[in-house]
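Dear colleague,

Please find the structure below, handed over for your records.

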Amino acid sequence: VRDFLDVDDAAEYLWRLARREGRGEVVNLCAGVGTAVHELVAAVTALAPAPVAVRHDPALARGVDVPRVVGDPTRLRAATEYL
């Protein structure tokens, strides 16, 4: 599970952060919503105009990966007044 952020939202957040006073605060650039990678793959392949073969290669899996990475966007939203 990962925290995916729309690229347009990420650009808007970065623009607002760059323009604000009192820089230096650490904020998470995130959506605050966890999405399983297999759900994202299913959604993207459903939009494809042709069948897409998806296969999982266990040899590429990293055993040290944290299973769930979801950020807290509270400070980001407060600092940018966006979303």
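**Aromatic pair and its surroundings**

In this predicted model, a search of the whole structure finds one aromatic pair. The ring centres of Tyr13 and Tyr82 are 5.1 Å apart and the ring planes stand at 85 degrees; an angle over 60 counts as edge-to-face, so the pair is of that kind. Tyr13 belongs to helix α1, whereas Tyr82 lies in the segment after α3, so that the pair links parts of the chain 69 residues apart. Both Tyr13 and Tyr82 are buried.

The two tyrosines also belong to the largest nonpolar core, whose five residues are Tyr13, Leu17, Leu76, Ala79 and Tyr82. Helices α1 and α3 each supply at least two residues of this core. Leaving aside residues up to four places away in sequence, Ala79 touches Leu17, Arg20 and Glu25.

**Helix α1**

Within α1, the residues Asp9, Ala10, Tyr13 and Leu17 are buried. Because they cover an arc of only 100 degrees around the axis, they lie on the same side of α1. Val7, Asp8, Trp15 and Arg19, on the other side of α1, are exposed. The cover over the buried residues of α1 includes α3 (74–80).

At the N-terminal end, α1 is capped by Asp6, which has a side-chain oxygen 2.9 Å from the backbone nitrogen of Asp8.

With kind regards

Terms used:
Residues numbered from 1 in each chain as written. Predicted model: local features only at pLDDT ≥ 70, side-chain atom pairs only at ≥ 80, totals over all residues. Heavy atoms only, no water. Buried < 20%, exposed > 50% of the residue type's maximum accessible area, 1.4 Å probe, protein only. Helix = DSSP H or I, 4+ residues; strand = E, 2+ residues; numbered from the N terminus. Arc of directions from axis to C-beta. Contact = heavy atoms within 4.5 Å. Polar contact = N/O pair within 3.5 Å; in protein donor to acceptor, adjacent residues only side chain to side chain. Core = buried A, V, L, I, M, F, W, Y, C linked by side-chain atoms within 4.5 Å. Phe/Tyr/Trp six-rings, centres within 6.5 Å; stacked < 30°, edge-to-face > 60°.
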